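Okay, thanks for making time, everyone. I'd like to walk you through one model today, so let me put it up on the screen.

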Amino acid sequence: MTINYNSVSAVKAFLDKEGLGMRKKFGQNFLVNGDIRLRLVEALEEEGPSSGRREEVWEIGPGLGAMTRLLLDRGFGVRAFEIDPGFVRALKILFRDDKDFTLVEGDVMKTWPSASSASSARAAPLLLGNLPYNIAAALLADLIEKGRFFRRMVLTVQNEVALRAAARPGSSDYSSFSVLCSSVYTVRPLMLIRGACFYPRPKVDSRGLALDLRAGVDANTYPPCFYPLVRGLFSSRRKMIKNNLRSFIAGAGRDAGEVCAELLGASGLKGDERAENLGLDDFLALAKNLENMRILGSFEGS
Ligand code: SAM
């Protein structure tokens with residue numbers, strides 16, 4: 001059984017027949033443009049299938065399965081994560097004959113860690129998702145900070161989120177989120193996707209985004225304080241790093257000014273810099289030196 005995913009009236013008719021509706025709280029906007037869906041899947045497979053193996057893709061938010069169908073047709077195995085019980089019911093009917101399709105029901109923020117520990121899923125090297133706007137940034141942060149890396153991720157996110165993910169030091173979009181994404185991935189913005197390509201039509205434009213795992217990065221590349229520290233340094237964007245750093249390490253049991261000066265000196269940084277001008281190596285030097293000072297326990301994760 002299949003649906004004409006490019007036809008809003010066909011999608012609506014299917015929803016009506018199954019007694020389903022679109023729910024804003026789950027960020028439900030279907031990508032009804034077949035050309036864009038194809039380009040996104042092609043971006044996932046750009047480098048070609050690795051050694052002829054059938055690769056597994058984690059698909060976040062399949063909806064009624066428009067991208068899922070395309071992935072399966074192109075030989076991928078799909079492990080799909082869907083929260084909406086109505087869509088889950090529909091997916092079970094639509095994909096009941098597809099042996100390479102697995103459905104993980106519930107909130108992906110809660111379900112992905114156990115899906116990750118299932119032996120076949122552990123190796124899933126690819127992720128694809130037209131991400132619900134309300135969890136896009138949080139999901140990326142969670143996967144990265146918990147060390148669940150993919151060889152490649154191809155996503156659709158709000159244009160503004162894509163620009164932040166890809167931003168370089170010194171640009172107005174550069175934020176702790178940019179550092180988070182670039183710490184593990186090379187980020188490539190793809191095509192702009194106008195609101196008209198979705199049903200229902202969102203108020204903002206979206207953009208495709210490809211994230212390629214950087215060579216040599218693994219779960220041990222960054223010390224545990226790295227991401228909390230980066231967030232701390234961006235907490236007041238216009239403040240000099242010495243001030244954000246002092247606030248971050250306040251309560252660590254040693255004089256914050258002294259620790260701050262020591263840390264900046266060891267990292268070769270000036271206190272009057274701003275986080276928006278620091279590169280990945282600067283943040284990493286600060287985190288490693290902070291870790292070496294062994295004062296972490298009292299404030300880690302602040
Ligand atoms: N993949 C479909 C497409 O491209 O047309 C639908 C994309 S729609 C933007 C987002 C999908 O994510 C919806 O199916 C929604 O129900 C699902 N979703 C929203 N929040 C979720 C969550 N926390 N966990 C799993 N799925 C979620």
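So, look at Glu145 and Arg231: their side chains meet in a salt bridge, 2.7 Å from N to O. By salt bridge I mean a side-chain nitrogen of Lys or Arg within 4 Å of a carboxyl oxygen of Asp or Glu. Between domain 1 and domain 2, the count is one salt bridge.

Quick housekeeping. This is a predicted model, where local features need pLDDT of at least 70 and side-chain atom pairs count only at pLDDT 80 or more, while totals for chains, interfaces and linings use all residues. Residues are numbered from 1 along each chain as its sequence is written, and side-chain values use heavy atoms, with hydrogens and water left out.

Now, the domains. The assignment, which is an automatic or database one, gives domain 1 as 8-213 and domain 2 as 226-298. Their centres, taken over C-alpha atoms, are 34 Å apart.

How much area do domain 1 and domain 2 bury between them? About 970 Å², with 61% of it on carbon and sulfur atoms; that's the accessible area, with a 1.4 Å probe, that two parts lose on being put together, summed over both. On the domain 1 side, Glu145, Tyr174 and Val179 supply 45% of the area buried against domain 2, more than any other three residues.

In terms of contacts (heavy atoms within 4.5 Å), 14 residues of domain 1 touch 13 residues of domain 2. There are also six residue pairs in polar contact across that interface, both residues at pLDDT 80 or more. That rule wants a pair of N or O atoms within 3.5 Å; within protein, one must be able to donate a hydrogen and the other to accept it, and residues adjacent in sequence count only if both atoms are side-chain atoms.

Which elements give two or more residues to the domain 1 side? Helix H7 (136-145) and helix H9 (176-184), and H9 gives the most, with six residues. Helices here are DSSP runs of H or I, at least four residues, and strands are E runs of at least two, numbered from the N terminus.

Zooming out, the protein chain has 13 helices and nine strands. Its C-alpha atoms fill a box of roughly 65 × 40 × 35 Å along the principal axes.

One last thing: a cis peptide bond joins Tyr199 and Pro200, with omega about -10°. You'll find Pro200 in the loop between strand S8 (198-199) and strand S9 (206-213).
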